[in-house]
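Visitor: I am new to this structure and would like a close look at a single part. Could you pick one spot and walk me through its surroundings?

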Amino acid sequence: MAGAAIAYEVRLADLHAHLFSVTLTIQRPVALQLLSLPVWIPGSYLVREFARNLQQLQANQGGKMLAIKQLDKCSWQIQCTAGKPLVLSYQIYAFDSSVRTAWLDATRGFFNGTSMFLRVAGQENVAHALNLLADRHLPDWHAATGLTPKKINRRGFGSYLAADYDELVDSPVELGPFWSGSFMACGVPHRFVVAGAPPGFDGKRLLADTQKICEAEIRFWHAKPPHHNYLFMLSAVDEGYGGLEHRNSTALICRRKDLPRLTPDTSADEKKALEGYTTLLGLISHEYFHTWNVKRLRPAEFARFDYANENYTELLWFFEGFTSYYDDLLLHRSGLIDQTTYLALLCKTINQVLQTPGREIQSVAQASFDAWVKYYRQDENTANATISYYTKGSLVALCLDLTLRQQGKTSLDAVMRGLWLRCQGGPMTEADLLGVLAELSGRAFNKELARWVHSSTELPLKALLERQGVSVQQEPAGLAQRLGLRVNESTGIQIKGVLRGSAAEQAGFAAGDEWLALNRGAGKQASSWRLSKLDDVLLYAGTANKFDVLVARDKRILKLALKLPAPATRWCLALRDKKLVGQWLN
Ligand SMILES: [Zn+2]
């Protein structure tokens, strides 16, 4: 926008080369102006080095090209003079279909500001303007963003304004011929855009269900929401899943198959589709809950982001874990899933945690702090050495909620609202949580948090659930769990992970092996069997519980002696007392 101290202009330079072109005008630069591009995007705790996609940086002042000195991997110094308008131009390569960076091709465009916009040192807190240029060859393309429009056309192209750099880069932009719908929730306008939706997509149903979730969450926190409008940007793809929260918008990815459909399939497919759609609603619920829990109420360490380095906090178990606890719970409270479905989803989370040996090694506070090098850099050892602050964090929330409710004085809902008031919807510490817990429950929770959050001892899930009317039962688990293997069976049996202390580990299986065959019996009774699925193992082993197996590793065939352990079980939750469960869930 003409006149703004800092103004960016974005053009779709080349769809097939996946290049955006960015022009940045700084009205009043300092001499030797410094510029830098973030190395990470808030909400996704990994150094991603966005500068790797920036190219052809040029600087110009009064029509004269200037020398540029690169200082490190993500910052530059411009040999300019002070006070006269400085114009930077560069291109951004955009070919990552995730919600974290940028994408451009002939079907769609999307970007996060952290991938696109150089930060002007010393002027981070002034208003930043963004001009989105329409392409005359793409008359059916629209633009959508959570930024405040200043002068835009009916397709959304034109100029927008952000109060500062943080707001600019916290407002991703969706571009393309997307589906669009809108609704009001508690008086706040909400828009939902979907890229890549198939023709059979039931947009009306998605809007109606999302509206229920938004209203339940606004009412959960307080009557008046902290945002004046909200935008959901969903990219529907063949395979993919994920979301990233922003202050008044979110970017989501789901499978096309998981979108609600105008024409239901056969009953078996319909059940699967419904499960997939429930997963999508859970994602919507999760990201919208973050509008309060992490975008505003946030770790004290995130009071100001350092875009050039890792930002460490021990509190992701609270911000991701508690958000995960409430995402499905609020689907139930919105009337979108019943008690039985809720318990099935909860049980899935419990089994995930119980089947992760790393829960005995790492606390959720450590997992939070180490997210940058562990959770976001998963490998074959992840399950053995780490625990997810999402899943176990959500079970910490469950334990707190049930403990508070069974004491009869308060609930976690009231604690969340109490925290919001105490911290005025801003930075918080663990001491704030302890303070609100003590205030509302009348007793200290230091011991519980020390055990549940800062140590790796087991959570008292069973006792708390049974006291709340849920019966905890055991059901047979599959062979993978019995053996302690994580496998991929799309082409043969590929070993992805070997769990600590398992029969598979004792036999000598390793990640990367392909499990080829099983030999059983001896002498004349000996027989060898080629395996293609894990289920084949029990078929060919018969009653034998000790046999040799063949695996391929680095082109060698290795013979391992496998001893089948006793059958494994997993948790199964059943509704015992509908009324008691209702007091908790409703
Ligand atoms: Zn989250």
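Guide: His18 is buried, with a relative accessible area of 15%; buried means under 20% relative accessible area, exposed over 50%, and partly exposed in between, with a 1.4 Å probe and protein chains only. Please keep in mind that this is a predicted model, where local features need pLDDT of at least 70, side-chain atom pairs count only at pLDDT 80 or more, and totals for chains, interfaces and linings use all residues. Residues are numbered from 1 along each chain as its sequence is written, and side-chain values use heavy atoms, with hydrogens and water left out.

Back to our spot: His18 sits in the loop between E1 and E2. Strands here (E, at least two residues) and helices (H or I, at least four) are DSSP runs, numbered from the N terminus. The phi of His18 is near 60 degrees, a positive value in a residue other than glycine.

Two strands pair if DSSP finds at least two bridges between them.

E2 and E1 take their places in an open sheet of eight strands with mixed pairing, in the order E5-E4-E8-E2-E1-E12-E15-E14. At its edges are strand E5 (64–65) and strand E14 (148–152), each pairing on one side only.

Strand E4 (residues 54–61) holds Gln56, whose phi is also positive, near 55 degrees, in a residue other than glycine. Gln56 counts as exposed, at 56% relative accessibility, whereas His18 is buried.
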